[in-house]
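Take a moment to look over the sequence and the model. The paragraphs below walk through the fold step by step.

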Amino acid sequence: MKRTATVLVTALAPVSWGTTYAVTTQFLPADRPLFTALARALPAGLLLLAVARVLPRGAWWWKSAVLGVLNIGAFFPLLFLSAYRLPGGMAAVVGSVGPLFVVGLSALLLGQRPTGRALLAGVVAAFGVSLVVLKAAGALDPVGVLAALASSASMSTGTVLTKKWGRPEGVGPLALTGWQLTAGGLLIAPLALLVEGVPPVLDARAVGGYLYLALANTAVAYWLWFRGIGRLTATQVTFLGPLSPLTAAVVGWAALGQALSPVQLAGMALAFGATVAGQAAQPAGPRSFSSAEMNRRKDSMDLTGVSLRR
């Protein structure tokens, strides 16, 4: 029962990310993907650092930098690049191979042999997402495809390394999230200035959109995501990823008046079923326990990062 609750809470992260497209198109300035990535990551990271009041020590300076690059600093720009260069929905389809990346990386880095059920669930999830978001339009752009694959590989690697490294003794997922968002934001900042120039003038509507992305969509969502990685297997967490494009499709139907065809509804059922099946597709072989797993029965971190007795 406790694991089910953890899965459901962690699932709120990709569900939140599924609202990004609607918020971006309806509230934010056009053609500012890097500034949007920066506005999501850096303020959220600095806020969490101020709340947690814990800085990395020793090896965790470079570890948090590596994780920040993989999960945020490289992932965001590559994701936006793929979305701009590929026809509608194709970036989401290519990115939906993430569970397969994680299954392979878990075998390589965590010693967890992939199961046939996990591989099948990954293929079905990608196929289901393709039915939901893929539209017939234009030729595929090689740079866009490579960017989509690289973005998926980047976050998949970050997910597995987050699981492998765990977190330092006495440090909660809130601080770990703040370290990564800050490191990723600092990487994006000069890139955004170089490519897009000075930040745009924002009206009240855009300010509200950026506040939502920075707080709910990034600070809270990534905290839930990394908290989930500490309590579940990397495979279980990554199989929640398809909930993001499924949420985007539902929001598009409910809020933007976009129709859902029978094929899309079938794809949603397939992808959701694969997501559920992925939670039961436990890896075989030796299991690697991170420091977070070793200590999670000792403490439980709330939003202030303070240890509470269970």
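Is Arg 53 buried or exposed? Arg 53 has a relative accessible area of 74%. The cut-off for exposed is over 50%, so Arg 53 counts as exposed. Keep in mind that this is a predicted model. Arg 53 sits in the loop between H3 and H4. Its backbone has a positive phi of about 55 degrees, although Arg 53 is not a glycine.

Asp 31 can be read in the same way. Asp 31 is not a glycine either, yet its phi is positive, at about 60 degrees. Asp 31 belongs to the loop between helix H2 (20-27) and helix H3 (33-52). Its relative accessibility is 57%, so Asp 31 counts as exposed.

Now step back to the whole chain. The protein has 310 residues, and 51% of them count as buried. Its secondary structure consists of 15 helices and 2 strands. The accessible surface comes to about 14000 Å². Carbon and sulfur atoms account for 71% of that surface.

H10 covers residues 173-196, and helix H11 covers residues 204-231. Their axes lie 9 Å apart, and the helices pack at an angle of about 120 degrees. That angle makes H10 oblique to H11. The crossing of H10 past H11 is right-handed. On the H10 side, the contact is made by Pro 173, Leu 174, Thr 177, Gln 180 and Leu 181. On the H11 side, Thr 218, Ala 219, Tyr 222, Trp 223, Phe 226 and Arg 227 take part. By class, the residues of this contact divide into 7 nonpolar, 3 polar and 1 charged.

Ala 219 is found in helix H11. Is Ala 219 buried or exposed? Its relative accessible area is 4%. Buried means under 20%, so Ala 219 is buried. Which residues does Ala 219 touch, leaving aside its neighbours within four places in sequence? They are Ala 44, Leu 48, Thr 177, Leu 181 and Ala 214. Thr 177 and Leu 181 are also among the H10 residues in the contact with H11. Ala 219 also lies 8.2 Å from Arg 40, C-alpha to C-alpha. In sequence, Ala 219 and Arg 40 are 179 residues apart.

H10 has another partner, helix H4, which covers residues 60-73. The axes of H4 and H10 come within 7 Å and cross at roughly 65 degrees. H4 and H10 are therefore roughly perpendicular to each other. H4 passes H10 in a right-handed crossing. From H4, the contact draws on Trp 60, Ser 64, Ala 65, Leu 67, Gly 68, Val 69, Asn 71, Ile 72 and Gly 73. From H10, it draws on Leu 176, Trp 179, Gln 180, Leu 181, Ala 183, Gly 184, Gly 185, Leu 187 and Ile 188. This contact has 11 nonpolar residues, 7 polar residues and no charged residues. Gln 180 and Leu 181 are named here, and they are named in the contact of H10 with H11 as well.

Next, turn to helix H8, which covers residues 116-133 and holds Val 123. Val 123 has 49% relative accessibility, so it counts as partly exposed.

A last stop is helix H9, which covers residues 142-165 and includes Lys 164. At 36% relative accessibility, Lys 164 counts as partly exposed. Lys 164 and Gly 230 are 66 residues apart in sequence. In space, their C-alpha atoms are 9.4 Å apart.

Notes: Residues numbered from 1 in each chain as written. Predicted model: local features only at pLDDT ≥ 70, side-chain atom pairs only at ≥ 80, totals over all residues. Heavy atoms only, no water. Helix = DSSP H or I, 4+ residues; strand = E, 2+ residues; numbered from the N terminus. Buried < 20%, exposed > 50% of the residue type's maximum accessible area, 1.4 Å probe, protein only. Areas by Shrake-Rupley, 256 points an atom, 1.4 Å probe, with all protein chains shown as cover. Axes fitted to C-alpha atoms, helices over the stretch in contact; angles between N-to-C directions. Parallel < 35°, antiparallel > 145°, perpendicular 65-115°, else oblique. Left-handed = near helix turned anticlockwise from the far one by under 90°. Contact = heavy atoms within 4.5 Å. Nonpolar A, V, L, I, M, F, W, Y, C, P; charged D, E, K, R; others polar.
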